[in-house]
Amino acid sequence: MVLAADYPFMDVFWTMILFFSWVVWIWMMILILSDIFRRHDISGWAKAAWIVFMIILPFIGVLVYLIAHGKGMAERRAEDQKAAQASFDDYVRKTATDGGSAGSAGEIERAKGLLESGTITQDEFERLKAKALA
């Protein structure tokens, strides 16, 4: 408890502000570096220049990149999210139409089971098989 008495409240508060500011800056560096590597509209030399700029002058480099490319950064992230959502929607749609089975092989297998149990006729089985293969 003696240590806690030697560290006043405002010093604790200031230390917390510095720590969380450092965490936010590190997170911004990660976001910006991932955006730089994801970009297709700039060359490898331009990417390297941005990275060197952010290593040599880290705070100024981050601020300059955010000012210069902040809007494009947000647009690229939104496009990536839309592409991921579309991919997920296609996967769900495909899985739902397959009924969770292996696709046409599963449909034919179910139709074969119905044929063997006598629920459907050979003609109905052939129609279901042709529909599954189409």
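I looked up Phe19 and found it partly exposed, at 46% relative accessible area. For this I took buried as under 20% relative accessible area, exposed as over 50% and partly exposed as in between, with a 1.4 Å probe and protein chains only. I note that the model is predicted: local features need pLDDT of at least 70, side-chain atom pairs count only at pLDDT 80 or more, and totals for chains, interfaces and linings use all residues. Residues are numbered from 1 along each chain as its sequence is written, and side-chain values use heavy atoms, with hydrogens and water left out.

**Aromatic pairs**

Rings of Phe, Tyr and Trp (its six-membered ring) pair if their centres lie within 6.5 Å; planes under 30 degrees apart are stacked, over 60 edge-to-face and the rest tilted. Phe19 and Trp22 are three residues apart in helix 2, and therefore separated by about one helical turn. Helices (H or I, at least four residues) are DSSP runs, numbered from the N terminus. Phe19, Phe20 and Trp22 form one aromatic cluster.

I next looked up Trp50 and Tyr65, an edge-to-face pair with 4.9 Å between centres and 90 degrees between planes. This pair links distant parts of the chain, with Trp50 in helix 3 and Tyr65 in helix 4, 15 residues apart. Trp50 is buried at 17% relative accessibility, and Tyr65 is buried at 0%.

I located Arg39 in the loop between helix 2 (9–38) and helix 3 (44–56). Arg39 is buried, with a relative accessible area of 4%. Its side chain makes a polar contact of 2.9 Å with that of Asp41; the term denotes a pair of N or O atoms within 3.5 Å, where within protein one must be able to donate a hydrogen and the other to accept it, and residues adjacent in sequence count only if both atoms are side-chain atoms.

Neighbours within four places in sequence aside, I found Arg39 in contact (heavy atoms within 4.5 Å) with Lys47, Tyr65, His69 and Arg76. Arg76 sits in helix 4 (residues 58–98) and is buried at 16% relative accessibility. Not counting residues up to four places away in sequence, Arg76 touches Asp35, Arg39, Tyr65 and His69.

**Trp27**

I placed Trp27 in helix 2 and listed it as exposed, at 51% relative accessibility. Trp27 and Thr15 are twelve residues apart in sequence and 18 Å apart in space, C-alpha to C-alpha.

Note on methods:
Helix = DSSP H or I, 4+ residues; strand = E, 2+ residues; numbered from the N terminus.
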